[in-house]
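Look at the sequence and the model, then read on.

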Amino acid sequence: MYKNSITIRRLLLRFPKGSDPLIIPNQPEESYLYIGLSLLLPYLEPYLVRSMLSAKTIIQDEGLVKDMEAFMGQESQHHKLHIQFNCSLDLSKYEGLKELEEKLAADYNRFSDTKSLRFNLAFAEGFEAFTLAMTRSSFQTGMFERIQSEARDLFRWHLMEEIEHRTVAFDVYQQISGAYFYRVCIGIFAQWHLCRFVFRVSRLMLRTEEKNCPKKFGGRWRSFQRQGYLLWLFVLYFFPKLLNTYMPWYSPYRIAMPEAALAMAKEFTERARSGAKLP
Ligand SMILES: [Fe+2]
Ligand SMILES: [Fe+2]
């Protein structure tokens, strides 16, 4: 018996080779943050799956075990498609990205090899709480609708499924440990760790663009304005939802799937069943 309704969808998405990483026209700051996130996921999500596999040997609750399997199935599909997307991008001019990725991979391998299961599960829940807050705010602001077509469905599908499996890492952590302060502290560390990578990628890409063609996106003042707008969106929509996840009474069970997410879930289920590719 499943505790939740979590569907593993195997989507066929087409990413043209040599795609421009500027996935939102004239918005390099926002585009490169999403590229940073996409580069992170093929390292982070396998680490989440490793942590879940370790926990699965201990968890007795059959419903939760089924949810964990569905969670792992979804995360495995996510990073598989993000690898395809990342490989399709023309990132050759951005020197230093590979080194950042290698450091990130080493960190997650070290966490799996040397840290306790409690740490790895609190880390997983920190990431899941972060993506839940991000997904909920993106449904309010329509952030992901602005992405160009090839990448848009990847992000829409991924984030919708992040809401769908929002309770799993939380439930597993509660069963293995349940300690509130530990969850919040390691969760904040996990969020700092992922943001550090994403911002490093974005900064590296922006600096490369600025060096190659300083006026390409309107110069520094225009960039400052765009970053200010992004910060305003984050403060208004994202931070309050993230702060909520730090509260002692926080539970992802209190957060319902938005209507738009339910409609999206239906749409992607149909597409996965029919094996439909993007037009
Ligand atoms: Fe995911
Ligand atoms: Fe997830």
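**Tyr182 and its helices**

Tyr182 is found in helix α7. Helices here are DSSP runs of H or I with at least four residues, numbered from the N terminus. This is a predicted model: local features need pLDDT of at least 70 and side-chain atom pairs pLDDT 80 or more, while totals for chains, interfaces and linings use all residues. Residues are numbered from 1 along each chain as its sequence is written, and chains are lettered from A and ligands numbered from 1 in the order in which they are written.

**Around Tyr182**
- Tyr182 is partly exposed because 15 other C-beta atoms lie within 10 Å (20 or more would be buried, 12 or fewer exposed, with C-beta atoms placed from the backbone).
- Beyond its neighbours within four places in sequence, Tyr182 is in contact with Arg118, Ala122 and Ser177 (C-beta atoms, placed from the backbone, within 7 Å).
- Phe119 is 63 residues from Tyr182 along the chain, yet their C-alpha atoms are separated by 8.3 Å.

**α1 against α7**
- The axes of α1 (residues 28-56) and α7 (residues 180-212) come within 8 Å and cross at roughly 135° (lines fitted to C-alpha atoms over the stretch in contact; angles run from 0 to 180 degrees between N-to-C directions).

**Helix α5**
- α5 (residues 149-164) has 16 residues and reaches 23 Å from first C-alpha to last, close to the expected 22 Å (1.5 Å times one less than the number of residues).
- α5 is mostly covered, with 13 of its 16 residues buried.

Terms used. Helices (H or I, at least four residues) and strands (E, at least two) are DSSP runs, numbered from the N terminus. Two residues are in contact if their C-beta atoms, placed from the backbone, lie within 7 Å.
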